Amino acid sequence: MTIDDVANSFSISGLLDAGTQTASRFPVKEIPLEGIQEHPGNVAYSMDPEGIAKLAESIKADGLTDLPLVRRLPGGGFQMISGHRRMAAYRLLAESNIAYSKLPCRISADVTDEQALVLLHTANFFTRSLTVTERAAATKALGLQVEQMRADDPSLAGMRTEDVKALIVEEMTGRKVSGKTIKREEALAQKLEELTSEWRAEADAGHVSASSVVKLAGLTQESQSELHRTWADMPRNKRETTRIIDEAVLESHPTVSETPSIPAADKRLATAEKALGRFVANLPKNLSAADSEAISRIADLARQAADAVSGLPKPSRAVGNPSDSNRSE
């Protein structure tokens, strides 16, 4: 089984294949709202009344442009896979108009419990704007299913969980996402769990940057609460909030200071260093006379440069590749 096979088998595009088979395998039917169960996995996502009301107005004005996907349950009835918010909007509209008491859905009879959960989470990943917490919950739940897949299929043993998640999400949504992105979001969600409920709400509302979430997590719960009370008295924009959090962290840890950044070397020197490094790494066994002469000239130039900067303060340098400090995942 290839990665494409794995991704396709768990995608709605894979289930709803193109052509005439779609109509026969996944028929569209109007189903009474009371006959559709919510999927328990959907509790990870916000069903905010304001958002549902706006969606209801959109459906009322433009109709249902994207059909929900439900599965037929073995014991009878249906369970929602992708479309919980649309179903909630229909229920809201049905309160004043009986015409909305039935929801048009595409039906699948052969979606397993495992597939239903994976589809639910991947469908939510890019179909709407998720909070940091919701997106992390989606990838975490998807990870549990990937581990089950790995146990059932030894060919997946060598693949990193986050990479399998990323490929499934990409196949499911048509939007490219990397395994590193998923891993980074999950790490951020772990930091969110260390925040007070007030700051978690601000982060989910987009008022706090990812870097500030990490810094806040380093404060005690008491310090976080005190800082939030100060911040809430006069809410600021994200940039101002970042500054306030930075100041609070420095006050909390006065002996800790950020390492000053070291300006990058002159591009000509950096290029020369890299070129010489590549030559040394693949040093020929027998140097030609021309090579030896060139090395001597380089050595002379290096001594001249060293003499020119002698006496100047030397910045501390981290061990490792000089370019490592500029890398980010």
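Mentor: Two strands count as paired if DSSP finds at least two bridges between them. Keep in mind that this model is predicted.

Trainee: In what order do the five strands form the open sheet?

Mentor: Strands of a sheet pair through backbone hydrogen bonds, either parallel or antiparallel. Here the order is 1-5-3-4-2, the sheet is open, and its pairing is mixed.

Trainee: Which strands stand at the edges?

Mentor: Strand 1 (28-32) and strand 2 (36-37) do. Each has a single partner strand, so one side of each is left without a neighbour in the sheet.

Trainee: In which sense do strand 3 and strand 4 pair, parallel or antiparallel?

Mentor: Antiparallel: strand 3 (residues 69-72) and strand 4 (residues 78-82) are joined over four bridges. To find your place in the pair, look at L69, which has S82 of strand 4 opposite.

Trainee: Which strands does helix 5 lie across?

Mentor: Helix 5, residues 84-94, lies across strand 2, strand 4 and strand 5 (102-108). Relative to strand 4, helix 5 runs at about 120 degrees.

Trainee: Now the charged side chains. How many salt bridges are there?

Mentor: Side chains of opposite charge can pair when their charged atoms come close. In this model the count comes to ten salt bridges. One of them joins D48 and R85, with the closest N and O atoms 3.3 Å apart.

Trainee: Is D48 buried or partly exposed, and what of R85?

Mentor: D48 is partly exposed at a relative accessible area of 30%. R85 has 17%; buried means under 20%, so R85 is buried.

Trainee: Which residue forms a salt bridge with R71?

Mentor: D113 does, and the closest N and O atoms are 2.8 Å apart. R71 is in strand 3 and D113 in helix 6 (residues 113-127), a link between distant parts of the chain, 42 residues apart. R71 counts as buried at 7% relative accessibility, whereas D113 counts as exposed at 58%.

Trainee: Where are K215 and D246, which also form a pair?

Mentor: K215 lies in helix 11 (residues 210-217) and D246 in helix 13 (residues 238-252), 31 residues apart. Their side chains meet in a salt bridge of 2.7 Å, N to O. K215 is partly exposed, at 27%, and D246 counts as partly exposed, at 25%.

Trainee: Which residues are linked in a network of salt bridges?

Mentor: E240, R243 and E247 are linked in such a network.

Key
Residues are numbered from 1 along each chain as its sequence is written. This is a predicted model: local features need pLDDT of at least 70, side-chain atom pairs count only at pLDDT 80 or more; totals for chains, interfaces and linings use all residues. Side-chain values use heavy atoms; hydrogens and water are left out. Helices (H or I, at least four residues) and strands (E, at least two) are DSSP runs, numbered from the N terminus. Contact means heavy atoms within 4.5 Å. Axes are lines fitted to C-alpha atoms, for helices over the stretch in contact, and angles run from 0 to 180 degrees between N-to-C directions. A salt bridge is a side-chain nitrogen of Lys or Arg within 4 Å of a carboxyl oxygen of Asp or Glu. Buried means under 20% relative accessible area, exposed over 50%, partly exposed in between (1.4 Å probe, protein chains only).
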